[in-house]
Amino acid sequence: MKKIVLAACLVPAFSWGADLTTTEAFNAACKDTPPQLSKIKDNTGRQLFTICQDLKTVQQVGKWAKSTESKYQQASDKDYKTIEKEVHNEIVYVRDQLKQARMALEKINLKPNEGLRVKPSTWQTDIDGDGKIETWEQYFFAVPQRGHRPFAIHPPENDPEYYSREYNLDAQFKIDQSDILWTLAYHHFAEGLLELLSAYRVDPSKQDFSQMIYLTDKAAVKRAHVAIGKGFTTSLAMSQSVLAETDDDDEWIANPSQKSTVFPIPLEAEDFATWQTLLKEVIPAWKGDTLLVPERVDSGALADLSELCPKDQGLNIEKYFSNPHKYPVEAFMTYQKENRLHLPSGCEKVTSKKPKSGLFDFLRTYSNKQDSSATPGANFIRHLYWVN
Ligand SMILES: [Ca+2]
Ligand SMILES: [Ca+2]
């Protein structure tokens, strides 16, 4: 979440020269930025709009989470319907807010020197609306130290020493078009995920567990498919844009020859190659141009996917999203019976026009490489959350 939020809030600026490198500039900028995207006419304003719009979303979620936490802990079974509705409404709200920021980002095409200089550790605000800025709020947007680290998720820390040790509190950089694409890809993914969540509702009073989660908005599933697809193509365009950069000027995400960067994960040429190869498999599979036919494997995460569809068929992801299950849990519940996920609406015969995707081949080769040695590029997928 923090990752998406940082991505979301990455874009700032003042055409009159006030960069977002102090808390005062940040607060003033978000106070002055018009809330309507239609009133904004230039790239500086759009960068600013995105960052302030995402800040507002983060604050709304923070406040909502704080106000509902104790209420939900005390809730009884009969309150469940109300809670379910409130959570659904919050998902829809956040989706619509993110959409505004995404639309601003899509309009940005930065020329040299139009990008803002930003220092995220100075973006300090009261996120949960209790009138205080606690340590976790102070450093919510701060950038972790650059270096290789294991992936970890933990609740926000409130210890100032943790931030001085693990974070680069001096990190600042100048936004360029690659960074806009980096941020945009996260917005597409987040919007797609929220579209998907918004499409389903939960009815715990259902006796049949497999029907507890049910589809109510088929069009939202389609929109989710489109948004996530745009996330993949934007991510590929971003990797190409980063590799094409020849300057080395206070970078955010950087190619191997750029040394002036505060991006938390160092990326080598092999990482870019792995990333692009992966996306070049994922994009046609996502669009339904290739079909997913898992390799038979004996162990590991892919073993459970040995079969998605009947013999000689593969999963067409696009088709599945166009005609999604009314009760998605059923797909898993029938797994025991059919010995594969129950995805009849997405299965299709493999033909020369709809060939088998190379995605599972790639993933198997990749995971073998990762097991056998510390090959450069082999750790890349672990860092995907930083490069979307
Ligand atoms: Ca607070
Ligand atoms: Ca750059």
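**View 1. Helix α9, end to end.** The expected span of a helix is 1.5 Å times one less than its number of residues. In this predicted model, α9 runs for 19 residues, and its first and last C-alpha atoms sit 27 Å apart, close to the 27 Å expected at 1.5 Å a residue. Just past the end of α9 comes Gly288, with a positive phi of about 85°.

**View 2. The buried side of α9.** Seen here are the buried residues of α9: Asp271, Thr274, Trp275, Leu278, Val282, Ala285 and Trp286. They take up an arc of only 100° around the axis, so they end up on the same side of α9.

**View 3. Helix α3 and its bend.** Look along the helix to Ser67 and you'll find α3 bending by about 25°.

**View 4. The largest nonpolar core.** This core counts 71 residues, and the ones touching the most other members are Ile180, Ala185, Ala224, Leu292, Leu315, Ile317 and Leu343. The top contributor is α7, with eleven residues. Domain 1 (2-175) and domain 2 (269-387) each put in at least three residues. As a bit of background, nonpolar side chains in soluble globular proteins tend to be buried together.

**View 5. Leu343 up close.** Leu343 is one of the core residues that touch the most other members. Skip its neighbours within four places in sequence, and Leu343 is in contact with Leu308, Cys309, Leu315, Tyr320 and Ala331.

**View 6. A buried loop residue, Ile127.** Ile127 belongs to the loop that links β1 (117-118) and α5 (135-138). It has 24 other C-beta atoms within 10 Å, and 20 or more is the mark for buried, so Ile127 counts as buried. Leaving out neighbours within four places in sequence, the contacts of Ile127 are Val58, Gln59, Gly62, Glu137 and Phe140. Leu55 is 72 residues away from Ile127 in sequence, yet their C-alpha atoms are 8.6 Å apart in space.

**View 7. The whole chain, for orientation.** Zoomed out, the chain has 14 helices and eight strands. Of its 388 residues, 34% are buried. Take the contacts between residues at least 6 apart in sequence, and 73% of them join residues at least 24 apart.

Methods
Residues are numbered from 1 along each chain as its sequence is written. Chains are lettered from A and ligands numbered from 1 in the order in which they are written. This is a predicted model: local features need pLDDT of at least 70, side-chain atom pairs count only at pLDDT 80 or more; totals for chains, interfaces and linings use all residues. Helices (H or I, at least four residues) and strands (E, at least two) are DSSP runs, numbered from the N terminus. A residue is buried if 20 or more other C-beta atoms lie within 10 Å of its own, exposed if 12 or fewer, and partly exposed in between; C-beta atoms are placed from the backbone. Two residues are in contact if their C-beta atoms, placed from the backbone, lie within 7 Å. A nonpolar core is a set of buried Ala, Val, Leu, Ile, Met, Phe, Trp, Tyr and Cys residues joined through C-beta atoms within 7 Å. Domain bounds come from an automatic or database domain assignment. The bend at a residue is the angle between axes fitted to the seven residues ending there and the seven starting there. The arc is that of the directions from the helix axis to the C-beta atoms.
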